[in-house]
Amino acid sequence: MSGSSPAARVQQLFEGRRLTPTQRRIAHSMVRRAGDAPFLSSVELAELAGVSQPSVTRFAVALGFDGYPALRKHLREVAPAGPAEADGEDAYNEYQQAVLGEIENLRHLAELLADPEPVERAGRLLAASRPLLVLGLRAASSQARGFGYFAAKVHPDVRVLDEGGSMLHDRIDAARRAGASALICFALPRHPREVVEALAHARDQGLAVVSVADSAFAPVAAHSDLLIPAAVGTGLAFDTACAPMLLGRVLLEAMCDDLPDAQARLEDFDARAAARGLFVE
């Protein structure tokens, strides 16, 4: 951590946290002004973020500190900015800092994947399920659709659940009756209650649940047989999810390794796509 920038070290305070919109504004301001953050009063930080001073105090308590002074003391220990370091920090604008934060998330994911056993186990579960359910609502719906799009090229029966409502449990039941044995869930902040309830129902029906979540302590953890965490970026107004997306592709690779006809299916798709002129070379 000593080799990372003050912005990266400040941002680590918020990794895996479920922040309210007001708290997100405060966190965003602290990362943007990481060199100054350890020396700002609660009033100054409130003015910088455009929130009330009590909101800053509640923010510090939400992070696990006794109050804002304790948070500021912690910042001075983990993110001190000497003159040279502060000058370097000024070279990065908030957009660059968001990118650097995502690079750090990818580094953490690479370290996690040093032990391939959880991913390989997930691949076996997903490959064996006929049909295979892919769940992701709201912020995670694009992750579910992307995974489902590619999985359908190699898996014989993929069913994407990217809309909630009263039909969600019915679709899980129908897949179970058709022979499904596993569900993969993409769970990103803020976590919809429907996702947690759907996973509880899926496990009640005997499905194995593999979850990709922003933290090992995400609400879906209690209803997952296997959870692999991949942090989201919190440096912008809306979360960025490069690490969860990459982890989804890694799980696709592991699933392909356990599908004996995956390569043949891909070659067949390419041949049919070429015959139909689907893509422009």
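1. Cavities. By the rule used here, the count comes to two cavities of 30 Å³ or more. On a 1 Å grid over the protein atoms alone, a cavity is a set of points where a 1.4 Å probe fits but cannot get out, and lining residues have an atom within 4 Å of a point. Grid points are joined across faces, edges and corners, and a volume is the space filled by probe spheres set on the points.

2. Basis of the note. The model is predicted, so local features need pLDDT of at least 70 and side-chain atom pairs count only at pLDDT 80 or more, while totals for chains, interfaces and linings use all residues. Residues are numbered from 1 along each chain as its sequence is written, and side-chain values use heavy atoms, with hydrogens and water left out.

3. The second largest cavity. Its volume is about 30 Å³. The lining consists of Leu137, Ala140, Phe186, Ala187, Leu188, His191, Pro192, Val195 and Val220. Eight of these residues are nonpolar, one is polar and none is charged. In this scheme Ala, Val, Leu, Ile, Met, Phe, Trp, Tyr, Cys and Pro are nonpolar, Asp, Glu, Lys and Arg are charged, and the others, Gly among them, are polar.

4. The largest pocket. A pocket is an open set of points with protein on both sides within 12 Å along at least five of seven lines. The largest pocket has a volume of about 270 Å³. Of its 15 lining residues, Arg24, Pro189, Ala237, Phe238 and Asp239 lie nearest its centre. The lining has nine nonpolar, two polar and four charged residues.

5. Which residue meets Arg24 in a salt bridge? The partner is Asp239, at 2.6 Å from N to O. The pair links distant parts of the chain, 215 residues apart: Arg24 is in helix H2 (residues 21–32), and Asp239 is in the loop between strand S5 (226–229) and helix H12 (242–257). Helices (H or I, at least four residues) and strands (E, at least two) are DSSP runs, numbered from the N terminus. A salt bridge requires a side-chain nitrogen of Lys or Arg within 4 Å of a carboxyl oxygen of Asp or Glu. Arg24 is buried, at 14% relative accessible area, whereas Asp239 is partly exposed, at 24%. Buried means under 20% relative accessible area, exposed over 50%, and partly exposed in between (1.4 Å probe, protein chains only).

6. Other salt bridges. The whole structure has nine salt bridges. Among them, Arg33 and Asp36 meet at 2.8 Å, N to O. Arg33 is partly exposed at 34% relative accessibility, and Asp36 is partly exposed at 35%. Another joins Asp162 to Arg145, with the closest N and O atoms 3.3 Å apart. Asp162 lies in the loop between strand S2 (158–161) and helix H10 (167–177) and Arg145 in helix H9 (residues 141–151), so this pair ties together parts that are 17 residues apart in sequence.

7. The second largest pocket. Its volume is about 210 Å³. Twelve residues line this pocket, and Glu15, His108, Asp214, Pro229 and Ala231 lie nearest its centre. Helix H7 gives the most to the lining, with four residues. By class, the lining has six nonpolar, four polar and two charged residues.

8. Helix H5. Arg76 lies in helix H5 (residues 68–78) and is partly exposed, with a relative accessible area of 41%. The C-alpha atoms of Arg76 and Pro38 are separated by 5.1 Å, although the two are 38 residues apart along the chain.
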